[in-house]
Amino acid sequence: MTTSTSQLLNRREVVAQLLKKRGDALVVTSLGNPTFDVAAAGDTPHNFYLWGAMGGAVMVGMGMALAQPERRVVVFTGDGEMMMGIGSLATVAVEKPANLAVIVLNNEHYAETGMQAAHAGRGVNLTGIAKASGFEETYDIRTEGDVEDLGSRLYSKKGLVFAAVRISTDPSPVALPPRDGPYLRSRFREALLGASALK
Ligand SMILES: Cc1ncc(C[n+]2csc(CCOP(=O)(O)OP(=O)(O)O)c2C)c(N)n1
Ligand SMILES: [Mg+2]
């Protein structure tokens, strides 16, 4: 894994590492960069990309986790998107789906819209909010070793997990998965539930 000049982790490498052992896990992505990161690691029908709905990724992931309790569900979101849906952490912490993991790719900016400074770089501690909401297993990730450990932990046992991974603002090449919402929904449902789910 390479690091940027600032020694912060590279988002593409982090996401690829966290998906290495995913098996049949279901993955939800927030709009923009987290969607591109997951697509770059390999497009599959088990990925559910949100192209909009800013603030909704964790809630979509929770619904999925409750509907599919035998599968690990991993939400990849950005710090800005997480902040917009911050109340969802409280709802998840109350419900405690033991198969849900929330991974925040924290570059402390709204990169997608022009790199405006975001709350996470201005004193707001997302992991602290998750902890105070009732998440019992939280991680602040800053090193390659921590990413590797998390990549194993996610799939080796159940448990509600929150992790904020500090990443650099280095740009990544564009990686665009399909953008058609109804197509993505049908593809996901068919892969999970079979063709009869589309009727
Ligand atoms: C409701 C709403 N407000 C604002 C936007 C514009 N917008 C799209 S992506 C984005 C930034 C997301 O930042 P973050 O989640 O931190 O991801 P990053 O690009 O930094 O990885 C914003 C503000 C939007 N799409 N929807
Ligand atoms: Mg961000």
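Colleague: What makes up the shell around ligand 1, by class?

Modeller: Five nonpolar, six polar and four charged residues. Ala, Val, Leu, Ile, Met, Phe, Trp, Tyr, Cys and Pro count as nonpolar, Asp, Glu, Lys and Arg as charged, and the others, Gly among them, as polar. This is a predicted model: local features need pLDDT of at least 70, side-chain atom pairs need 80 or more, and totals for chains, interfaces and linings use all residues. Residues are numbered from 1 along each chain as written, chains are lettered from A and ligands numbered from 1 in written order, and side-chain values use heavy atoms, without hydrogens and water.

Colleague: Which residues are the closest to ligand 1?

Modeller: Asn33, Gly80, Glu81, His109 and Ala111, out of 15 that surround ligand 1. A residue is near if one of its heavy atoms lies within 4 Å.

Colleague: What makes asparagine 33 a polar contact of ligand 1?

Modeller: A polar contact is a pair of N or O atoms within 3.5 Å. An N or O atom in the side chain of asparagine 33 is 2.7 Å from an oxygen atom of ligand 1. So the pair qualifies. The side chain of asparagine 107 has such an atom 3.0 Å from a ligand 1 oxygen. For histidine 109, a polar backbone atom is 2.8 Å from a ligand 1 oxygen.

Colleague: Why does the radius of gyration of the chain agree with a compact globule?

Modeller: The radius is taken over C-alpha atoms, and the globule rule is 2.2 Å times the number of residues to the power 0.38. For 199 residues that comes near 16 Å; the chain has 16 Å, so the two agree. The C-alpha trace spans about 50 × 35 × 30 Å along its principal axes.

How values were computed. A polar contact is a pair of N or O atoms within 3.5 Å; within protein, one must be able to donate a hydrogen and the other to accept it, and residues adjacent in sequence count only if both atoms are side-chain atoms.
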